[in-house]
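Visitor: Let's talk about aromatic rings. Please put the structure up before we start.

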Amino acid sequence: MHDLLDPMRNPVTYAVPFFVLSVLVELAALRWLDHDDNVTGYSLKDARTSISMGIGSLFFLTVFKVGTFVVYSAVSTHLAPYHLPTDTWWYWVLLLVVLDLAYYCNHRFVHRVNIGWAAHQAHHSSEYMNFATALRQKWNPWFEFFFWLPLPFLGFAPWTLYVAFSINLVYQFFVHTETIDRLPRPIELVLNTPSHHRVHHGSDPEYLDKNYAGILIVWDRMFGTFQPERQRPTYGLTKPVDTYNLITLEYGDYAAIVRKVRAAKDWRERLGHLFGPPGWTPPSAPGLPSLSCADPHARRSEPSPQQS
């Protein structure tokens, strides 16, 4: 267990120098290469906020590891009908694919269920698309627990889940950029790419809730959530939060849910605010039509008071 908590044994730790180098290279490219300053770039406050959120997420991810490892180990020891060999090459390929599917399912859930979106929306709050935005991580990774839970049942060793997830996260860092255009067609067909992920961060109606992929874009193609990049996306939330306050960014949506639940008339409304799609309103609300799961405008956060 101590290996899971040792930063020097975490694949993400080894990737940090490459993250820093990538940010510097991207900054240099945007500074000296021919580009439109009004289209791409960095904001110092925005990048500083993203990096701070990334540092904070390391603490919460460690807490997540401690809590989930205990449960996964119990499932693996007492309930799993068999255990797959971790010393074979195919084990790691299979694990990366299965965990990537679990990531897709979790990612789709947190976009379509309000209480999940409250945790995830912080990652989408930046109006920039760059390598610093990749570090704008949520501090509430708790829903991953449920989507990873089948893996110990299937015979995957609990400790290997964290290694595979770290690899998944490292891969996703490099799809947060506007400096890379479309890649060769075979790559775009199979893998998540910067073009695909730019769509995912777009707040344009045709881009909302599309391209949930971690590593493999094939899940989106299979399950009907794929959208190619037609024009440059408008990044951020449909209702900008207008703040750099970390607590507001990470927990502002939770506070909004609590207010709505307290004001709800009955349990149906309370459950709707918790488990309905983002932006759900009760049918009885005067002048406010109920939002269905199919409503592409139901995804984003409420505006927060401006803070700097």
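Visitor: Are F131 and F173 buried or exposed?
Guide: This is a predicted model, where local features need pLDDT of at least 70, side-chain atom pairs count only at pLDDT 80 or more, and totals for chains, interfaces and linings use all residues. Residues are numbered from 1 along each chain as its sequence is written, and side-chain values use heavy atoms, without hydrogens and water. Buried means under 20% relative accessible area, exposed over 50%, partly exposed in between (1.4 Å probe, protein chains only). Both F131 and F173 are buried.

Visitor: How many aromatic pairs does a search of the whole structure find?
Guide: Rings of Phe, Tyr and Trp (its six-membered ring) pair if their centres lie within 6.5 Å; planes under 30 degrees apart count as stacked, over 60 as edge-to-face and the rest as tilted. Across the whole structure, the number of aromatic pairs is 22.

Visitor: Why is the pair of Y72 and F145 stacked?
Guide: The ring centres of Y72 and F145 are 5.7 Å apart. Their planes meet at 10°, so the pair is stacked.

Visitor: Which helices hold Y72 and F145?
Guide: Helices (H or I, at least four residues) are DSSP runs, numbered from the N terminus. The pair ties together parts 73 residues apart in sequence, because Y72 lies in helix 3 (residues 44-78) and F145 in helix 7 (residues 144-148).

Visitor: Which ring does the charged end of R221 sit over?
Guide: A charge sits over a ring if NZ of Lys or CZ of Arg is within 6 Å of the ring centre and within 35 degrees of the ring normal. At 4.0 Å from the centre, the charged end of R221 sits over the ring of F226.

Definitions and conventions. Helix = DSSP H or I, 4+ residues; strand = E, 2+ residues; numbered from the N terminus.
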